[in-house]
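Let's take a friendly walk through a protein model, one piece at a time. Have the sequence and the 3D view ready as you read.

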Amino acid sequence: MLRTDYHTHTPLCHHAQGEPEAFVERALQLGLHSYGIADHAPMPPENEPFDDWRMLCSDLQDYYQWINRAKTAAADSNLIILSGLECDWLPGLLPWIKHLRTLHPWDYLIGSVHYLPGNGSVDDSLYADKCLTGSVEEDWSLYWKTVTEMIQSGQFDIVGHIDIVKIWGRVPAGDVTPYYEQALQALQDSKMAVEINTAGYHKRCAEQYPAEPLLRELIARRIPIVINSDAHAPEHLSRGWEQGLALLQHICPNRLVQFKHFTRSGTALQAYGSL
Ligand SMILES: [Zn+2]
Ligand SMILES: [Zn+2]
């Protein structure tokens with residue numbers, strides 16, 4: 001199986017570390033096939049400063065330079081460097097995302113929901129021990145509604161940490177399938193892949209995004225799966241890949257395959273699925 005990582009960050013988002021050369025060195029050590037850079041995208045200039053954990057519009061030139069440095073560092077190897085963004089989705093951002101698409105020949109865009117519209121960011125430690133809305137159920141409803149809209153926007157290639165709403169370990173009691181049924185339907189009608197985001201192992205939820213029952217649903221519906229680390233430092237590149245792959249092999253015994261999945265811009269990603 002080719003080892004890839006399409007969800008990684010750079011210091012331009014203000015909460016990651018490492019030079020491009022260090023990321024490339026680590027990628028080469030690990031024998032990665034592809035190293036995809038997808039830092040937190042800027043918000044529209046009229047909304048800046050939106051928060052303190054993303055690039056500003058004025059950082060984009062530095063970001064292109066950062067990507068070029070990674071490409072230069074990998075020039076004498078077979079390592080493929082890809083460029084992307086992790087874009088936040090909120091209602092009203094569609095024109096901005098369309099604009100971002102035109103700024104650079106991105107290989108792919110990750111669509112992520114961090115904010116519940118009208119509320120805060122689900123992974124903000126402010127909400128470690130309290131809901132963002134009135135209840136866990138309401139948080140989950142609003143979160144999955146927003147994810148569904150993000151998928152239906154048709155702008156993105158990979159769903160980022162699809163069930164990050166569980167990050168602090170809060171999950172509604174009983175069968176949670178109804179919360180994401182519409183998102184699954186939207187995914188089937190889309191051309192998106194979904195990542196196994198292994199950063200979840202190191203959060204309070206202590207499991208990958210998505211949870212295993214949801215991952216099984218995705219595979220049954222033939223949604224392409226990629227394994228990403230969400231690395232914010234070189235030493236975290238592709239961290240947990242073996243565990244993610246083992247989970248896929250457990251779900252698809254003897255039936256796991258890797259195939260090329262093409263993004264909107266025509267770049268081939270290496271994705272997993274079941275025969
Ligand atoms: Zn981040
Ligand atoms: Zn994210």
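Which residues in α4 meet which residues in α5? Keep in mind as you look that this is a predicted model. On the α4 side you will find W140, S141, W144, V147, T148, I151 and Q152, and they meet Y179, Y180, Q182, A183, A186 and L187 in α5. Sorted by type, the residues of this contact are nine nonpolar, four polar and no charged.

Now look at how the two helices lie. Helix α4 covers residues 136-152 and helix α5 covers residues 177-188; they pack at an angle of about 5°, with axes 8 Å apart. Because angles under 35 degrees count as roughly parallel, α4 is roughly parallel to α5.

Let's stay with α5 for a moment. Its twelve residues reach 16 Å from the first C-alpha to the last, close to the 16 Å expected at 1.5 Å a residue. Buried in this helix are Y179, Y180, A183, A186 and L187. Viewed down the axis of α5, these buried residues fall within an arc of 105°, so they line one face of the helix. They pack against α4, β6 (193-197) and α6 (212-220). On the face turned away from the buried side, α5 carries the exposed residues T177 and P178.

Finally, move along to Y201, in the loop between β6 and α6. Y201 counts as partly exposed because it has 16 C-beta neighbours inside 10 Å. Leaving out residues up to four places away in sequence, Y201 touches A206, E207, Q208, G240 and Q243. Y201 and Q243 are 42 residues apart in sequence, with their C-alpha atoms 9.6 Å apart in space.

Key
Residues are numbered from 1 along each chain as its sequence is written. Chains are lettered from A and ligands numbered from 1 in the order in which they are written. This is a predicted model: local features need pLDDT of at least 70, side-chain atom pairs count only at pLDDT 80 or more; totals for chains, interfaces and linings use all residues. Axes are lines fitted to C-alpha atoms, for helices over the stretch in contact, and angles run from 0 to 180 degrees between N-to-C directions. Helices (H or I, at least four residues) and strands (E, at least two) are DSSP runs, numbered from the N terminus. Angles under 35 degrees count as roughly parallel, over 145 as roughly antiparallel, 65 to 115 as roughly perpendicular and the rest as oblique. Two residues are in contact if their C-beta atoms, placed from the backbone, lie within 7 Å. Ala, Val, Leu, Ile, Met, Phe, Trp, Tyr, Cys and Pro count as nonpolar, Asp, Glu, Lys and Arg as charged, and the others, Gly among them, as polar. The expected span of a helix is 1.5 Å times one less than its number of residues. A residue is buried if 20 or more other C-beta atoms lie within 10 Å of its own, exposed if 12 or fewer, and partly exposed in between; C-beta atoms are placed from the backbone. The arc is that of the directions from the helix axis to the C-beta atoms.
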